[in-house]
Amino acid sequence: MPARRLLVLVAAATLGLTVTVAPANAATKPFSMVVSPTAVPGGQSTTFSVTLKNLTSQQQLGSANITVPSAFTAVGVADPPGAATATANGNVVQLRNAGLAPGGSIVVSVTATVPTTCTATYAWSVVAKQANDFNGAPGNDLTLDPATSSLTTSVAGGCALRFVAGRQPAASRVNQTISALDYQPGGPSVQVEVIDGAGHRVTTSTASITVALGPSTGAGTLHGTLTVSASAGVASFASLSIDAPGTYTLRATSGGLSAATSSTFRVDQVATACIEDVTCSASIANGSTTFDVTALGNAGTDAGFLVLDNGIGVAIDCSGYTELTTTPTVIEGPDRAKTVTSTIDKSVMNAQPNNGASSLQMCFGAPYTFATRPGSTLTGVDTNGDSVDDFFYGLLPDCGTAPCVSSRKKTNAGDGVIVTRAPAGTQDPAYRP
């Protein structure tokens, strides 16, 4: 008899253990919550519909605390239809007196400002009770059914790329590193940052950012490490260079982010720094012709760079003459009077039937009108499509008034030499002997 009694106790204990671990109570009081819309743009106020549905078989859903994501700012709620009320206490919406019968549903409108951020997902949460006044022990709680609920909101903040202020690409020489300082390959690197919809840097971003040439007038190719991963929202490009002169921009792109275009910058073949009031000079070869340029440093002349390039800008070709350079040489730089000595190799001179010094003429172009050699004409060009000529070229007369030819000669070695003068001013000339 004692043995039978022991068996009964063991069986009872086993049954008790089975009942304890079964989720029977949870399954009898389920409810769902669905938040819509599920995706919104960042940085603005949005009204969300929060729908609660009572999935129990016999208990009511009387009240609930709905927690708005902490990154959101709840700015208003609206009472649902009927006796129910909804009030906001910080980021918690307190639903009371819902009296929601089994199978019933109720919609609460919640207006909240969402953050300005790159794409991110935020979670809502909820606690629902049988009591209308949110009272009672935890046993009064209903259980959220995840299979029929949707509690997340995706926020797209309109994130974009931007070239960092002070780190835009600056002027550089051909095949030298482009930095943020003019003609200084060792200067600060060009930088691109990831910004949110409010223009603030997204310091958590590690986006892969690629730069390429944007709208440009030069024929060069961009070289260097063109794709860099951002660190703390910033990508630094330390090895960029371009292999031909011209005017360029850079365009930065990254998947899912709005692209950015840099400010315009120059790439030049020759760029010599000039000190205020001090004469400076530079040279460039164009085929068999060498141009030696002197920017005169009289009192009051400005600083800057004396820049020389071949083959950019407007093509000039003075009719009736054989051009000894295939493309014009463009001279730009400080607001100073300039002297240009053009030396033509004797091999080119000897190839011409008329190769005396008196046969040498200077075909000159500039964005202003000037006097031409007697018997020749000035040709105008409309470079911007507004039907007004804004660039002019023709044969220069002998000096007096600059621009003009001050001398012509042949050296003892047989080279041809033309010396020309250009006036001071911000509009600079092109030469083509």
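Colleague: Which cysteine forms a disulfide with cysteine 399?

Modeller: This is a predicted model, where local features need pLDDT of at least 70, side-chain atom pairs count only at pLDDT 80 or more, and totals for chains, interfaces and linings use all residues. Residues are numbered from 1 along each chain as its sequence is written, and side-chain values use heavy atoms, with hydrogens and water left out. A disulfide here is a pair of cysteine sulfur atoms within 2.5 Å. The sulfur atom of cysteine 399 lies 1.9 Å from that of its partner, cysteine 404.

Colleague: Is cysteine 399 buried or exposed, or partly exposed?

Modeller: Buried means under 20% relative accessible area, exposed over 50%, and partly exposed in between (1.4 Å probe, protein chains only). Cysteine 399 has 29%, so this residue is partly exposed.

Colleague: Why is the disulfide of cysteine 399 and cysteine 404 given its handedness?

Modeller: The handedness follows from the torsion about the S-S bond. That torsion is about 80° for cysteine 274 and cysteine 280, so their disulfide is right-handed. For cysteine 399 and cysteine 404 it is about 85°, so this disulfide is right-handed.

Colleague: Where in the chain is cysteine 363, the partner of cysteine 318?

Modeller: Their sulfur atoms are 2.1 Å apart. The pair links distant parts of the chain, 45 residues apart. Strands are DSSP runs (E, at least two residues), numbered from the N terminus. Cysteine 318 is in the loop between strand 28 (304–310) and strand 29 (329–332), while cysteine 363 is in strand 31 (residues 363–366).

Colleague: How many disulfides does a search of the whole structure find?

Modeller: One of them joins cysteine 274 and cysteine 280, with sulfur atoms 1.9 Å apart. The search of the whole structure finds three.

Technical notes:
Helix = DSSP H or I, 4+ residues; strand = E, 2+ residues; numbered from the N terminus.
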